[in-house]
Amino acid sequence: MSDSRLSVLRDEIDSLNQDLLVLLQRRAELVLEIAKIKRAQGLDGYDPEREFEMLQGLMAAVTGAFEQAQVKEIFRSIFRASVDIQDRERRRSLRVLRRDLVPEGGIRVGDVAIGAGRPVLIAGPCAVETPEQMEEIASALARLPVAKVLRAGAFKPRTSPHAFQGLREEGLKLLREAADRHGLVTVTEVLDTSTLDVVAAHTDMLQIGARNMYNTELLKAVGRVGKPVLLKRGFMATIEELLLSAEYILCSGSDAVVLCERGIRTFEPATRNTLDIAAVPLLKGETSLPVIVDLSHALGRRDIVLPCARAALAAGADGLMIEVHPRPDEALSDGFQQLDLASFAVLVEALGFGVGKPRAEVEIGRE
Ligand code: PEP
Ligand code: MN
């Protein structure tokens, strides 16, 4: 074959490639337009029946050098790529990814701003146990020169049904009273939709625990309440799944969502969970929602809370959650991981939260 014939043929191939590209892009536009119409009707973009019909039609029309199996493979990859662009388009429209979601002043829980540039401390016992216990913790917390939220569970999601389940409504009242006596705001966990109203009536912020991150009906219901929500990452949840759980809340009427990394399950038994520090910058890169780190449930031990708290702040966390109890050895739940008040005070000061202490350490990594 002469060189000139070869170059004519190659030119034709080049031109066909260009035509195919134009056709493929036109097809992609149509795919996205169809997906939009179907989404408006509440339908999924992917339709296996339609795909099957298209393939049948194509198979019946196959003539030429490409055999049926090859044509099938080529169109299958076009179909797969079409699903991918629909997913990408759908992801782009997610509310959780919007950069304008959180106002400059952060998410307000009473007079506390989370995500406004200064790290916030969320501290308190695992569970509300007695009025005296709550008083001791609330008064110690109130003295700290840092923006803080008092935490304590009244409805506890325990692994064993025989373990302490929390004081329920009585616990909510004790938490509220202790916080009010000391001018503190509160966060407490809501376990289900049936107790949502009573929990919401007593607290400033609602916590969705790790076990409930996938409870979509509860997520929608807390979104409708309109109070700020602290959403914890499930211990088997990916970062993407956490973002989509936040999306449920955001789509139900509340933009005030704070995300919480609290460790995920791995094969490592030295800590209760594995603290996923990388989740902090990754989440902050994807969303403008504040991100806090729960050191107590991530680690399940108190001896390494300080270095891990430093790591969390250096990674860009907007706050820390730490469990504190006046007498951890007597705690009705999670005693092994709670700090006593003296150790807690030392830790807060070591983090640069203390009176007159430089905040340099706290500011590492945030510009
Ligand atoms: C809690 O914060 O009280 C709690 C139970 O944590 P988690 O849902 O992360 O296990
Ligand atoms: Mn706990």
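Author: **The barrel and its surroundings**

Eight strands form a closed barrel with parallel pairing, in the order E3-E4-E5-E6-E7-E8-E9-E10. On average, neighbouring strands of this sheet are turned by 25° against each other, direction ignored. Helices (H or I, at least four residues) and strands (E, at least two) are DSSP runs, numbered from the N terminus. Two strands pair if DSSP finds at least two bridges between them. Axes are lines fitted to C-alpha atoms, for helices over the stretch in contact, and angles run from 0 to 180 degrees between N-to-C directions.

This is a predicted model: local features need pLDDT of at least 70, side-chain atom pairs count only at pLDDT 80 or more, and totals for chains, interfaces and linings use all residues. Residues are numbered from 1 along each chain as its sequence is written, while chains are lettered from A and ligands numbered from 1 in the order in which they are written.

Start with E3 and E4. They run parallel, joined by three bridges. Ala123 has Leu150 in E4 as its bridge partner. E4 is covered on both faces: Lys148 and Leu150 are buried on one side, Val149 and Arg151 on the other. Buried means 20 or more other C-beta atoms within 10 Å of the residue's own; exposed means 12 or fewer, partly exposed in between, with C-beta atoms placed from the backbone.

Helix H5 (residues 168-181) packs on the sheet. H5 touches strands E4 (148-151) and E5 (185-189), and its direction makes about 160° with that of E5. Contact requires C-beta atoms, placed from the backbone, within 7 Å. Arg168 lies in H5. Its phi is positive, near 55°, in a residue other than glycine. Arg168 counts as partly exposed because it has 16 C-beta neighbours inside 10 Å.

Now E8 and E9. E8 (residues 257-261) pairs with E9 (residues 291-294) in the parallel sense, over three bridges. Cys260 stands opposite Ile292 in E9. Helix H9 (residues 279-286) lies across both strands, at about 160° to E9.

Last, helix H12 (residues 341-350). Its buried residues are Phe344, Leu347 and Val348. They fall within an arc of 100° seen down the axis of H12, so they line one face of the helix. That arc is taken from the directions from the helix axis to the C-beta atoms. Their cover includes strand E3 (120-124), helix H11 (305-314) and strand E10 (319-323). Just after H12, Gly352 takes a positive phi of about 90°.

Key:
Two residues are in contact if their C-beta atoms, placed from the backbone, lie within 7 Å.
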